[in-house]
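Please work through the exercises below with the sequence and the model side by side. Try each task yourself before reading its solution.

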Amino acid sequence: MDAYTFNRLYPVHTPVRAFPETRAERPKLTRTRTTAVDVQHGLTVVHVDGLVGAIDIRGIDPLPADFPVEA
């Protein structure tokens with residue numbers, strides 16, 4: 001999915017389950033804090049509350065708008 005599509009579907013502050021490194025680790029329940037952007041080699045990334053650095057959107061599971069999050 002490209003940044004344009006992600007941003008249309010999931011606005012800033014969307015609750016997400018974020019896997020910063022791999023899906024084998026425990027996810028962080030948080031919210032997006034920026035719009036997604038397309039970067040090199042077709043990678044699309046977004047920043048989330050409580051984590052430093054951008055996360056590949058393939059490591060993000062959007063959640064319902066009323067889902068309670070940690071951050």
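The model is predicted, and local features are taken only at pLDDT of at least 70, side-chain atom pairs only at pLDDT 80 or more, while totals for chains, interfaces and linings use all residues. Residues are numbered from 1 along each chain as its sequence is written, and side-chain values use heavy atoms, with hydrogens and water left out.

**Exercise 1. The salt bridges**

Task: Find how many salt bridges there are, and which residues are linked in a network.

Solution: A salt bridge requires a side-chain nitrogen of Lys or Arg within 4 Å of a carboxyl oxygen of Asp or Glu, and by this rule the count is three. In one of them, Asp 61 meets Arg 17 at 4.0 Å, N to O. Because Asp 61 belongs to strand β6 and Arg 17 to strand β1, this pair ties together parts that are 44 residues apart in sequence. Asp 61 also forms a salt bridge with Arg 23, with the closest N and O atoms 2.9 Å apart. Arg 23 lies in the loop between β1 and β2, so this pair with Asp 61 in β6 ties together parts that are 38 residues apart in sequence. Taken together, Arg 17, Arg 23 and Asp 61 are linked in a network of salt bridges. A further salt bridge joins Asp 56 to Arg 58, at 2.5 Å between the closest N and O atoms.

**Exercise 2. The aromatic pair**

Task: Decide whether the rings of Phe 6 and Tyr 10 are stacked, edge-to-face or tilted.

Solution: Rings of Phe, Tyr and Trp (its six-membered ring) pair if their centres lie within 6.5 Å, and planes under 30 degrees apart count as stacked, over 60 as edge-to-face and the rest as tilted. One pair is counted by this rule. The ring centres of Phe 6 and Tyr 10 are 5.1 Å apart and the planes stand at 55 degrees, so the pair is tilted. For the surroundings, buried means under 20% relative accessible area, exposed over 50% and partly exposed in between (1.4 Å probe, protein chains only). Phe 6, at 3%, is buried, whereas Tyr 10, at 24%, is partly exposed.

**Exercise 3. Positive phi**

Task: Find where His 13 lies and where His 41 lies.

Solution: His 13 is in the loop between α1 (3-9) and β1 (15-18), and although not a glycine, His 13 has a positive phi of about 85 degrees. His 41 is in the loop between β3 (37-38) and β4 (44-46), with a positive phi of about 60 degrees. His 13 is exposed at 52% relative accessible area, and His 41 is exposed at 81%.

Key. Helix = DSSP H or I, 4+ residues; strand = E, 2+ residues; numbered from the N terminus.
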